Amino acid sequence: QVQLVESGGGLVQPGGSLRLSCAASGLSLRAYFMGWYRQAPGQQRELVASITRGTIIRGTITNYVDSVKGRFTISRDSGKNLLYLQMNSLKPEDTAVYYCNTVPSREEYWGQGTQVTVSS
């Protein structure tokens with residue numbers, strides 16, 4: 001059974017930083033195209049960052065939605081089976097519940113998410 005558990009959220013002032021973690025069990029993160037999603041109140045869930053499986057020829061490719069480019073960094077620790085999202089220069093519009101999941105997402109993999117609130 002696959003379980004994804006997100007952590008690291010919290011309340012931060014605009015311009016601050018947070019690092020989110022996603023611990024996976026029952027699934028090897030290195031073998032999957034993974035992503036961080038977020039859902040703000042009243043809005044649809046969106047994919048904000050993704051990371052491909054690593055290959056010998058192409059390595060690992062990351063992608064970001066335009067609104068977070070240059071501020072967020074997705075990474076993976078294959079040894080610990082953890083997925084990270086480093087978030088810098090946070091803005092109030094980054095406030096949302098953040099989730100990790102495969103890309104495309106699988107309904108049965110959604111966890112509880114971690115709340116990120118950016119406010120002064």
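User: How do I read a strand and a strand pairing here?

Analyst: Strands (E, at least two residues) and helices (H or I, at least four) are DSSP runs, numbered from the N terminus. Two strands pair if DSSP finds at least two bridges between them. Strands of a sheet pair through backbone hydrogen bonds, either parallel or antiparallel. This is a predicted model, where local features need pLDDT of at least 70, side-chain atom pairs count only at pLDDT 80 or more, and totals for chains, interfaces and linings use all residues. Residues are numbered from 1 along each chain as its sequence is written, and side-chain values use heavy atoms, with hydrogens and water left out.

User: Which order do the strands of the open sheet have?

Analyst: The order is β1-β3-β8-β7, four strands with antiparallel pairing. β1 (3-7) and β7 (72-77) stand at the edges; each has a single partner strand, so one side of each lacks a neighbour in the sheet. Axes are lines fitted to C-alpha atoms, for helices over the stretch in contact, and angles run from 0 to 180 degrees between N-to-C directions. Neighbouring strands of this sheet are turned by 15° against each other on average, direction ignored.

User: How many bridges join β1 to β3?

Analyst: Five bridges join β1 to β3 (residues 18-25), and the two run antiparallel. Glutamine 3 stands opposite serine 25 in β3.

User: What counts as a disulfide, and which cysteines form one?

Analyst: A disulfide is a pair of cysteine sulfur atoms within 2.5 Å. The structure holds one. Cysteine 22 and cysteine 100 form it, with sulfur atoms 1.9 Å apart. The pair links distant parts of the chain, 78 residues apart: cysteine 22 is in β3, cysteine 100 in β9 (residues 96-102). The link is right-handed, with 60° about the S-S bond.

User: Is aspartate 94 buried or exposed?

Analyst: Buried means under 20% relative accessible area, exposed over 50%, partly exposed in between (1.4 Å probe, protein chains only). Aspartate 94 has 1% relative accessibility, so it counts as buried. Its place is the loop between β8 (82-87) and β9. Contact means heavy atoms within 4.5 Å. Leaving aside neighbours within four places in sequence, aspartate 94 contacts residues including Arg38, Arg71 and Val118.

User: What does the side chain of threonine 95 reach?

Analyst: A polar contact is a pair of N or O atoms within 3.5 Å; within protein, one must be able to donate a hydrogen and the other to accept it, and residues adjacent in sequence count only if both atoms are side-chain atoms. The side chain of threonine 95 reaches the backbone oxygen of proline 92 at 2.9 Å. A polar atom of that side chain also lies 2.9 Å from the backbone nitrogen of valine 118.
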